[in-house]
Amino acid sequence: KICEGMTALCCGEDVCQESVCEVTSLLEAAGKVEKVDEKLMDCVTGVSGSGPAFVFMFIEALADAAVKCGMPRQQAYIYAAQTVKGSADVVLQTSRHPAELKDAVCSPGGTTIDGVAALENNNFRNAVIQAVEAAYKKSINLGK
């Protein structure tokens with residue numbers, strides 16, 4: 001919808017580079033395009049195919065928390081969505097490891113590290129990994 005998609009392209013060895021360039025150019029109208037091995041297509045489905053739903057859920061959860069803390073709902077959605085967008089842009093523009101970026105935001109004894117600890121106590125990363133893995137496995141099964 002907003003030309004910020006992530007598209008995986010795979011093709012056989014018999015496809016000429018000119019054709020790959022033409023298809024890539026067409027697909028870039030919808031966002032970023034990268035060539036991947038065909039064996040990774042189910043992984044792509046789990047991460048970038050299903051990932052938007054997971055991100056929307058995270059934005060919703062951030063907004064719900066903001067509302068719980070007193071922020072009006074519409075404002076909460078803007079703050080949550082812009083926070084996710086800005087954070088993603090930092091990862092893409094700096095190529096720094098997400099853990100390094102997280103560490104840079106966590107002040108010793110500060111609010112953020114307490115929030116990170118709460119996420120860890122509630123198995124946040126494990127839940128995300130399991131969600132991607134479930135989508136990946138379902139993609140494999142659908143391809144059989």
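The model is predicted, so local features need pLDDT of at least 70 and side-chain atom pairs count only at pLDDT 80 or more, while totals for chains, interfaces and linings use all residues. Residues are numbered from 1 along each chain as its sequence is written, and side-chain values use heavy atoms, with hydrogens and water left out.

The secondary structure of the protein chain consists of seven helices and two strands, where helices (H or I, at least four residues) and strands (E, at least two) are DSSP runs numbered from the N terminus. Along the sequence the pattern is β-α-β-α-α-α-α-α-α. The C-alpha trace spans about 55 × 30 × 30 Å along its principal axes. The radius of gyration of the protein chain is 19 Å, whereas a compact globule of 144 residues would have a value near 15 Å; this quantity is taken over C-alpha atoms, and the globule rule is 2.2 Å times the number of residues to the power 0.38. Of the 144 residues, 14% count as buried (under 20% relative accessible area, with exposed over 50% and partly exposed in between; 1.4 Å probe, protein chains only).

Strand 1 (residues 5-9) pairs with strand 2 (residues 31-35) in the parallel sense over five bridges; pairing requires that DSSP finds at least two bridges between two strands. Within this pairing, T7 stands opposite V33 in strand 2. From strand 1 the chain passes through helix 1 (residues 17-27) to strand 2 in a right-handed β-α-β crossover, meaning that, with the strands pointing away from the viewer, the path from the first strand over the helix to the second runs clockwise.

One aromatic pair is present in the structure. The ring centres of F58 and F124 lie 5.8 Å apart and their planes meet at 50°, so the pair is tilted (centres of Phe, Tyr or Trp rings, the six-membered one for Trp, within 6.5 Å; planes under 30 degrees apart count as stacked, over 60 as edge-to-face and the rest as tilted). Because F58 lies in helix 3 (residues 51-68) and F124 in helix 7 (residues 124-142), the pair ties together parts that are 66 residues apart in sequence. F58 is partly exposed at 34% relative accessibility, and F124 is partly exposed at 32%.

Helix 7 also holds S139, which is buried at 14% relative accessibility. Apart from neighbours within four places in sequence, S139 is in contact (heavy atoms within 4.5 Å) with D42 and T45.
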